[in-house]
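The exercises below are to be worked with the sequence and the predicted model in view. Each task is followed by a solution in steps.

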Amino acid sequence: MTVLTAAPPQGVAIGDPSRLRRAFGAFATGVTVVTVGGASPRGMTANSFTSVSLDPPLILVSVGKEAVMHRRLAEAATFSVSVLGAGQEDVARHFADRSRPMGASQFDAVDWLPGATTDAPLIAGAAAHFECAKWSAYDAGDHTLYLGELLAADELPDREPLVFHRGSFRDLVPPQRGGAR
């Protein structure tokens, strides 16, 4: 076994939100847009998304309690998640911008399509779409965890995902075929 000579990790003060956020940012995540439909559709960029179960098929999104989306998800019976693909950073930034319009007009700036099963908008060109019935919600400090049971899903199999790591959007570089890696 070899002793590593790298710099030792720095301790993080758990009570310091900016340092804690930076430490959490060491974990690379995918980037999604969570949407609800209805009379006043809403979208929100989220990287707190994960699959939970195959039987039944469940996914989870985590939404801050101060977000407009929190209230909309609390009231909604269904929601959708679009997993953004490489090159869709502008879409992620749009739905993260708190000054974007309310209601349907916030979708005027992006290409989207109506969900086949729910009325929640789906982001065109996304790597995958998940349409869900709200399964349950759990209090989680300053966030709520929303679980959704899948009603429909689709994917673009060759679409590389958009990734968020250490405060920056990144595209994955696909492996070179037939050559050295």
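**Exercise 1. In which helix is the place of His 70, and is His 70 buried or exposed?**

Step 1. His 70 belongs to helix α2; helices (H or I, at least four residues) and strands (E, at least two) are DSSP runs, numbered from the N terminus.

Step 2. With a relative accessible area of 16%, His 70 is buried. Buried means under 20% relative accessible area, exposed means over 50%, and partly exposed lies in between (1.4 Å probe, protein chains only).

Step 3. Not counting residues up to four places away in sequence, His 70 touches Val 63, Gly 64, Lys 65, Thr 144 and Tyr 146. Contact here means heavy atoms within 4.5 Å.

The model is predicted: local features need pLDDT of at least 70 and side-chain atom pairs count only at pLDDT 80 or more, while totals for chains, interfaces and linings use all residues. Residues are numbered from 1 along each chain as its sequence is written, and side-chain values use heavy atoms, with hydrogens and water left out.

**Exercise 2. Determine how many salt bridges the count comes to, and describe the pair of Lys 65 and Asp 139.**

Step 1. A salt bridge is a side-chain nitrogen of Lys or Arg within 4 Å of a carboxyl oxygen of Asp or Glu. By this rule there are 4 salt bridges.

Step 2. One of them joins the side chains of Lys 65 and Asp 139, at 2.2 Å from N to O. Lys 65 lies in the loop between β5 (57–64) and α2 (68–75), and Asp 139 in strand β9 (residues 128–140), so this pair ties together parts that are 74 residues apart in sequence.

Step 3. Lys 65 is partly exposed, at a relative accessible area of 36%, whereas Asp 139 is exposed, at 60%.

**Exercise 3. Which parts of the chain does the salt bridge between Arg 98 and Glu 66 tie together?**

Step 1. The side chains of Arg 98 and Glu 66 meet in a salt bridge of 3.7 Å, N to O.

Step 2. Arg 98 is in the loop between α3 (89–96) and β7 (112–114), and Glu 66 is in the loop between β5 and α2; the pair therefore ties together parts 32 residues apart in sequence.

Step 3. Both partners are exposed: Arg 98 has a relative accessible area of 67%, and Glu 66 has 55%.

Step 4. Another salt bridge links Glu 89 with Arg 93, the closest N and O atoms being 2.8 Å apart. These two residues stand 4 residues apart in helix α3, separated by about one helical turn.

**Exercise 4. Identify the residues that touch the most other members of the largest nonpolar core.**

Step 1. A nonpolar core is a set of buried Ala, Val, Leu, Ile, Met, Phe, Trp, Tyr and Cys residues joined through side-chain atoms within 4.5 Å.

Step 2. The largest such core has 19 residues, and those touching the most other members are Val 34, Val 61, Val 63, Leu 73, Phe 79 and Val 81. Two or more residues come from each of β2 (32–36), β3 (42–46), β5, α2, β6 (78–83) and β9.

Step 3. Leaving aside neighbours within four places in sequence, the contacts of Val 81 include Thr 32, Phe 49, Ile 59, Val 61 and Phe 130.

Step 4. Apart from this core lies another, of 11 residues, among them Ala 92, Phe 95, Phe 107 and Phe 169.

**Exercise 5. How many aromatic pairs does a search of the whole structure find?**

Step 1. Rings of Phe, Tyr and Trp (its six-membered ring) pair if their centres lie within 6.5 Å; planes under 30 degrees apart count as stacked, over 60 as edge-to-face and the rest as tilted.

Step 2. The search finds 4 aromatic pairs. Among them, Phe 95 and Phe 107 form a tilted pair, 5.3 Å centre to centre with 45 degrees between the planes.

Step 3. Phe 95 is in helix α3 and Phe 107 in the loop between α3 and β7, 12 residues apart. Both are buried, and ring pairs link Phe 95, Phe 107 and Trp 112 into a cluster.

**Exercise 6. What is the order of the 3 strands in the open sheet?**

Step 1. Two strands pair if DSSP finds at least two bridges between them.

Step 2. The order is β1-β11-β12, with antiparallel pairing. The edge strands, β1 (29–30) and β12 (168–171), each pair on one side only.

Step 3. β1 and strand β11 (residues 162–165) pair over 2 bridges, and Thr 29 has Phe 164 as its bridge partner in β11.
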